[in-house]
Amino acid sequence: MKINLGWVSNDDFASKNAGMPKNNPKTDEQLLDAYSQAVINVVEKVSPTVVNIDVQRFLTGRSRNYQPLTQEVRGNGSGFIFTQDGYILTNSHVVHDASKIQVTLSDGRSYDAEMIGDDPDTDLAVIRIHAPNLIAARLGDSQSLRVGQLAIAIGHPYGFQTTVTTGVISALGRSFQSRSGKLIENIIQTDAALNPGNSGGPLVTSHAEVIGINTAIVMAAQGICFAVPINTAKMVIPALMRYGQIRRGYIGIGGQNVHISRRLMLSHELAVDTGIFVMYVEANSPAAKAGLQEGDVIVGFNNRPLRSIEDLQKLLTPESIGVRSQLTILRKNRKLVVGIVPEESSSSVSG
């Protein structure tokens, strides 16, 4: 499954419920005030960490006369400071192949930025500026998220500074293809409105903690937006800061987290009650060669239980590349063990 990314009431009812207690306007007003105040507090804490990113790229091609042609292209996105010494997290697609990166802070100061590391497979990148008196965002725990909780997106869509939208976490554990062609797993889905230029900005909880990096919208839909979970960023950031890129294994599935019934859990002596539901298998991938099928539920890797897609990502280390491993799966209520050899992600080979 591929996704194109980018970004009553009636009189009868009233009569039947005439005896029900009426809403207290004062209570409703207090609830709305509390909601507004929660959002205001978050924005006041987080917005000083959010930056506007302007980039320049040179694209090469050929003119109508087949002559070499170089064209300058400008782009815009968002990001946020995560260390007080100027490291900034954003989307890979915002800064990838940029010849110049300029960062504008919330107070209007502008600085040239240097590329530190870029990972197209997770659509994450780290850049850095050298500036005094910086405020860093506080990172949360995306593993603890629950569907329905408040989500606040802050960014610079179309260059409009510090634009805020609110919504809820509408789904967890989604997957879609990154621009590198690889699957980004465990994506957060939210209905907090995103627009071009929001990419790279933070998705924040009511406790002013960053739990996602806004990355994409479904162009043909309303209220379906995606963010890379901050726990994925926590795994990627150290390697980007040290090596500038990520070397990882991949198996080539699209999946989402799923609950396993207690009956299956007990009958197959599983250590966990969740697993990874295989939504599709990439052609010619390690998963395809291993015989994985749509509908399989992955519950273990090398005899280690897997609770989520994030658990699998943690185990697909550089050391797993080219090494024959074992996946424990449930297929039509049967427990099977299949051999698989993770390959190196092509984008990490090319850098």
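**Pockets and side-chain pairs**

The second largest pocket is lined by 16 residues, with Gln143, Leu172, Asn186, Asn257 and Ser308 lying nearest its centre. This is a predicted model. The second largest pocket holds about 290 Å³ of space. Strands β9 (163-177), β10 and β15 each supply at least two residues of its lining. By class, that lining has 8 polar, 6 nonpolar and 2 charged residues.

Turn next to the largest pocket. Its volume is about 650 Å³. A set of 31 residues lines the largest pocket, and Ile246, Arg248, Gly249, Gln313 and Leu316 lie nearest its centre. Two or more lining residues come from each of β10 (183-190), α4 (230-243), β14 (249-250), β15 (253-259) and α7 (309-315). Helix α4 gives the most, with 5 residues. The lining of the largest pocket divides into 15 nonpolar, 9 polar and 7 charged residues.

Now step back to the whole protein. It has 8 helices and 21 strands. Of its 351 residues, 47% are buried. The protein exposes about 18100 Å², and carbon and sulfur atoms supply 50% of that area.

Charged pairs come next. Side chains of opposite charge can pair when their charged atoms come close. The whole structure contains 5 salt bridges. In one of them, the side chains of Glu209 and Arg138 meet at 3.5 Å, N to O. Glu209 lies in strand β12 (residues 209-217) and Arg138 in strand β7 (residues 138-139), so this pair ties together parts that are 71 residues apart in sequence. Glu209 counts as partly exposed because its relative accessibility is 25%. Arg138 is also partly exposed, at 47%.

Another salt bridge joins Lys289 and Glu343, whose closest N and O atoms are 3.0 Å apart. It links distant parts of the chain: Lys289 sits in helix α6 (residues 286-290) and Glu343 in strand β21 (residues 343-344), 54 residues apart. Lys289 is exposed, with a relative accessible area of 62%. Glu343 is partly exposed, at 29%.

Asp296 and Arg331 also form a salt bridge, at 2.8 Å from N to O. Asp296 is in the loop between α6 and β17 (297-301), and Arg331 is in strand β19 (residues 325-331), so the pair ties together parts 35 residues apart in sequence. Both Asp296 and Arg331 are buried.

Finally, the rings. The count comes to 1 aromatic pair. The ring centres of Phe82 and Tyr87 are 6.4 Å apart and their planes stand at 40°, so the pair is tilted. Both Phe82 and Tyr87 are buried.

Notes. Residues are numbered from 1 along each chain as its sequence is written. This is a predicted model: local features need pLDDT of at least 70, side-chain atom pairs count only at pLDDT 80 or more; totals for chains, interfaces and linings use all residues. Side-chain values use heavy atoms; hydrogens and water are left out. Helices (H or I, at least four residues) and strands (E, at least two) are DSSP runs, numbered from the N terminus. Buried means under 20% relative accessible area, exposed over 50%, partly exposed in between (1.4 Å probe, protein chains only). Accessible areas come from the Shrake-Rupley method with a 1.4 Å probe; for residues, only the protein chains shown count as cover. On a 1 Å grid over the protein atoms alone, a cavity is a set of points where a 1.4 Å probe fits but cannot get out, and a pocket is an open set with protein on both sides within 12 Å along at least five of seven lines; lining residues have an atom within 4 Å of a point. Grid points are joined across faces, edges and corners, and a volume is the space filled by probe spheres set on the points. Ala, Val, Leu, Ile, Met, Phe, Trp, Tyr, Cys and Pro count as nonpolar, Asp, Glu, Lys and Arg as charged, and the others, Gly among them, as polar. Rings of Phe, Tyr and Trp (its six-membered ring) pair if their centres lie within 6.5 Å; planes under 30 degrees apart count as stacked, over 60 as edge-to-face and the rest as tilted. A salt bridge is a side-chain nitrogen of Lys or Arg within 4 Å of a carboxyl oxygen of Asp or Glu.
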